[in-house]
Amino acid sequence: MLLIECNNIKKYFGDKLILDFEHLEVHSEDRIGVVGINGAGKTTLLNILSSRLEPDEGQVKLYGRVAYISQLEPAERQNISSEMASRFGVGTVWNEHMSGGEKTRFKLAAALDDNSSVILADEPTSNVDMEGIELMAEKFMEYNGALMVISHDRNFLDKICNEILEIEDGKIKLYNGNYSAYRDQKIHERERAQLEYEEYVKEKKRLEGVIEGLKRNVKSMRKTPKRMGNSEARLHKMGPQKSQAALERAVKNVEKRIQHLEVKEKPKEQPEIKLDIQEGDRLHSKIIIEGKNITKVFGEKIIFKEASFSIYNNSKVALIGPNGCGKTTLIKMIMDNDASIRIAKGAKIGYFSQEMDILNKILAS
Ligand SMILES: Nc1ncnc2c1ncn2[C@@H]1O[C@H](COP(=O)(O)OP(=O)(O)OP(=O)(O)O)[C@@H](O)[C@H]1O
Ligand SMILES: [Mg+2]
């Protein structure tokens, strides 16, 4: 069953053309994973498909109820059934103090509770713990409607998708199969493009070589041999005039062939994220952050009870645990200089928040 149809879509932000494609249909059997680099237009596409954003050109037709799970916004509904709430391990009412993963779980429960025929989900696995991701994959596989999911989680896409939609330079391209199948097709495409590019460069070089050779011949013909009388020289010039013209014609022909070669672009390299970490200001303390006898409760919920830890210099530590267990709380306590936590003198702490509130503060200042 056709659920979403769009035609001739163009979307600009300022003078930047973000999306520019002719046609897209979403049917009830579709399980589409949406991929593309940061800023490619994935969120913009889902916003347009859910009618939350108007395209500058083209039409979107919806033939069903759409539920939307946003990466950064609160759930579309404030209340969910107790059945869904218990299945996803959250309360029945939206509350701002929920942890990042609990908020995503709530949004998911709300979308599944909504009798929708399409779920559009923008990075639904971000912040969710392993068990939550398993549960989500299971629920998505059971779901009867169409599914369109933006995710950078390849395993997740492998589990739930039967189609991958890739956005690149504003264009969309659909690939059959899950993420692994898409990746294999991309590797082939890339290899073919690289080969075609190399052949193009080789052929162009060869033709340029042919031109150079021809031009050298023309030049040597123009030279009148030394020690030749005037009349002889005239004869010499008359004689080869024809072949000189033929050579010049040949040069023109080869130049035309170069012009008509189908130009192959060099395949693009994927941009890499570079972190600029400075080597200076090394710390000499053995322990950089130390927590002793940490106790923390929210209402009746005990988060830490006489907990202790040490983070050693030069170590790279992952903080893991199920949603809502207190990972962000611990980091916030470190950042807020909690009395139970000691930080080595001179240590500078960089902090990247799950909820992007630091970015908001930077933007506001
Ligand atoms: N409201 C807006 N005003 C101006 N520019 C915008 C707006 N929304 C998005 N953009 C720009 O459009 C481009 C596409 O953004 P979009 O959020 O759709 O990307 P994305 O593929 O979802 O990226 P990510 O993987 O980082 O989530 C980006 O360059 C972004 O800066
Ligand atoms: Mg996005």
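## The shell around ligand 1

In this predicted model, twelve positions line ligand 1: Phe 13, Lys 16, Ile 18, Ile 37, Asn 38, Gly 39, Ala 40, Gly 41, Lys 42, Thr 43, Thr 44 and His 152. By class, the shell holds four nonpolar, six polar and two charged residues.

Two elements, strand E2 (16-27) and helix H1 (42-49), each give at least two residues to this shell. H1 has the largest share, with three residues.

## Polar contacts and burial

For Thr 44, an N or O atom of the side chain is 2.5 Å from an oxygen atom of ligand 1. For Thr 43, the corresponding distance to an oxygen atom of the ligand is 2.8 Å. Asn 38 has a polar side-chain atom 2.9 Å from an oxygen atom of ligand 1.

Ligand 1 exposes 640 Å² when taken alone. The protein buries 59% of that area.

Asn 8 has a phi near 50°, a positive value in a non-glycine residue. Its setting is strand E1, residues 2-13. Asn 8 is partly exposed, at 47% relative accessible area.

Asn 115 also has a positive phi, near 55°, and is likewise not a glycine. Asn 115 sits in the loop between helix H3 (100-112) and strand E6 (118-122). Its relative accessibility is 73%. Asn 115 therefore counts as exposed, the cut-off being over 50%.

Key:
Residues numbered from 1 in each chain as written. Chains lettered and ligands numbered in written order. Predicted model: local features only at pLDDT ≥ 70, side-chain atom pairs only at ≥ 80, totals over all residues. Heavy atoms only, no water. Helix = DSSP H or I, 4+ residues; strand = E, 2+ residues; numbered from the N terminus. Buried < 20%, exposed > 50% of the residue type's maximum accessible area, 1.4 Å probe, protein only. Near = heavy atom within 4 Å. Polar contact = N/O pair within 3.5 Å; in protein donor to acceptor, adjacent residues only side chain to side chain. Areas by Shrake-Rupley, 256 points an atom, 1.4 Å probe, with all protein chains shown as cover. Nonpolar A, V, L, I, M, F, W, Y, C, P; charged D, E, K, R; others polar.
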